[in-house]
Amino acid sequence: MWGLRNTPAVHKRLGFLTSAVAACLLLAACSGGGDGGGGGGVTPTYTIGGNIGGLWGTVVLQDNSGDRLSVSANGPFTFAAALANGAGYSVRVSTPPVGQVCSVANGAGTIGSANVTNIAIACAWGVPSVVSNNLVFPASFEVQLAGDVVGDVFLATPWATTGPSKVGVAVFQKPLGSGWGPQVEISPIKTISVPTYVSNFVKPQIRADSAGNAVATWIDMDNSIGTTDRDFLSNLYVQNYDKVTGWSSPVLMQSDPTGYVISDNLTVQADGITWVVWTERTYKDQYFSVLDKFALFAAEYTPLVGWGAAEKVTADYAITPLSESYPDGRITTDNNGNPTVLWTDGLTLYATRKAAGVWRGPEVVVPFLSTPGTANVIHDFDITVDGSGNAIAVWQRLDSTGMTKTVYSNRYVANTGWTGVTTMSDHFFQNADAVSPKLAMDRSGNAFLLWSQFDGFMLAIWSARFDRILGWQTPTTISSSSELVESPQIGIDKLGNAVAVWSQYDRGFNKTLIRACRYDSETGWGEDGFISNRNGVARDPQLAVSGDGHATAIWRQDDVGNASFKMWSNDLAP
């Protein structure tokens, strides 16, 4: 080992060497790693990452068949292993989240002297799944779907089995990011010896509040009693679900327990206050049902208090001779809990509101319209209200010629009244039938209306958006043309984004399938696509959209070809 003498010259040289070594060490420390650079003999490395959106649960990503990364939150992600310049990378989804499909964009390439940050993972509509394999659902598919503000979903459905013949009402629950839970019976199970159209449970309704509690209603119809329709019985029941204690016992909810209930409708506020409206027979003629009379009744549920008594909303009405219709209603509430019932006797559309504890007299939303040679019956009517008490009503009926089915709307302005009827479906193709209007509104007063109508080539789903400041915007088609599009459904979240689903015939697969489309409040409607699995004929979709934008769709699907329908579902993450 060479030695150095302790002299000033040596001290000077040592100082120079020390400074040089420190500088080299500093340069080496500043090069390489995930920040790129060079020099110092250290090979620079760079990270692989990007952003993920629409994720519900947990997804496992993999780079180059080796480096794995588990991600449970939306936003940026970065793999742990860095790569050298010029190295290749290939990112894929190794394990998708439960019930979702995630796509990868910009997932493969070569390192080019910089960190990779543009990989995009999008998780959206998932893999369709069967809700239950154990039930036979009625051909009418009277299924109701409801969701809370975060995306937990409730499903209420009547069911039937054969050998022996039994009927009941069941509820399924699906927590956000999870699969469907077990079947829970909320009605008694009846063993019947008659067809289900004679004795059955019908018209279930279900809604949820912001805390994850729910309310369900259903009608126990028994037309097998006695020898004539004068003896038939039909009762309305309500049940409450507490997310801690579960389902309560059914409560008979009608003015006359021995009477006959025909229809029901339900609304639940965010705070759990609930209103149900129903049509009940108030006069039974001794001999002839056409002489019977009906009225609408409503009842309120208050959390920690319970159900109030039945309140009569309308006068007694006989079945309208021209339309052969009984009174039928839809109910909604404003932020103060004041209910409004939109109802029809078949030929005229009315609204009755409760304010200061008193049901007011009916207001005409659209009057009777005489048309040549036919009864101009009102169909598919609905109402929704915003947080300020403004409302929109929609319906479908024949136009003044009696030839064309047309969709209409009327807006109610709080403290002002109904502003007038607007024809929604004649903007482009007059004399083209428009049917199946569906309405959804956010609490700010922005709304969407869907319907099915000819688009110049075939049938399509049309959408009109109501802007709370600008009013109705020009309708547009959101589906591709088809020989058959039907059963549109629409939901809207708290930010004004919307999701639409419908059934549509696909010539390539020679099947009716379920399609969906999403509206982004900043970019508008996107492209529609299939959400059913194309294995069978799919019809009658239902939709629930949470305040956060999560969506769940259900539908009935026949995979066998013998009308043996099962219930399927799919989910969308925002």
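Mentor: A salt bridge here is a side-chain nitrogen of Lys or Arg within 4 Å of a carboxyl oxygen of Asp or Glu. Please keep in mind that this is a predicted model, in which local features need pLDDT of at least 70 and side-chain atom pairs count only at pLDDT 80 or more, whereas totals for chains, interfaces and linings use all residues. Residues are numbered from 1 along each chain as its sequence is written, and side-chain values use heavy atoms, with hydrogens and water left out.

Trainee: How many salt bridges does the structure hold?
Mentor: The structure holds 15 salt bridges. One of them pairs Asp-548 with Lys-494, whose closest N and O atoms are 3.1 Å apart.

Trainee: Are Asp-548 and Lys-494 buried or exposed?
Mentor: The cut-offs on relative accessible area are under 20% for buried and over 50% for exposed, with partly exposed in between (1.4 Å probe, protein chains only). Lys-494 counts as exposed because its relative accessibility is 58%, and Asp-548, at 34%, counts as partly exposed.

Trainee: Which residue does Arg-330 pair with?
Mentor: Arg-330 forms a salt bridge with Asp-328, and the closest N and O atoms of that pair are 3.3 Å apart. Asp-328 counts as buried because its relative accessibility is 17%, whereas Arg-330, with a relative accessible area of 22%, is partly exposed.

Trainee: What about Arg-518 and Asp-520?
Mentor: Their side chains meet in a salt bridge as well, at 3.5 Å from N to O. Both ends are partly exposed, Arg-518 at 26% relative accessibility and Asp-520 at 22%. Elsewhere, salt bridges that share partners join Arg-230, Arg-281 and Asp-292 into one network.

Trainee: Changing topic, which cysteines does the disulfide join?
Mentor: Taking a disulfide as a pair of cysteine sulfur atoms within 2.5 Å, the structure holds one, and this disulfide joins Cys-102 to Cys-123 with an S to S distance of 2.0 Å. The pair links distant parts of the chain, 21 residues apart, with Cys-102 in strand S8 and Cys-123 in strand S10 (residues 116-124).

Trainee: Why is the disulfide right-handed?
Mentor: The torsion about the S-S bond of Cys-102 and Cys-123 is about 105 degrees, so the disulfide is right-handed. As for accessibility, Cys-102 is buried with a relative accessible area of 12%, and Cys-123 also counts as buried, at 3%.

Trainee: Now the backbone: what is phi of Asn-106?
Mentor: Phi of Asn-106 is near 60 degrees, which is a positive value in a residue other than glycine. Asn-106 is found in the loop between strand S8 (101-105) and strand S9 (108-110), and this residue is partly exposed, with a relative accessible area of 45%.

Trainee: And where is Asp-540 found?
Mentor: Asp-540 is found in strand S47, and although Asp-540 is not a glycine, its phi is positive, at about 55 degrees.

Key: Helices (H or I, at least four residues) and strands (E, at least two) are DSSP runs, numbered from the N terminus.
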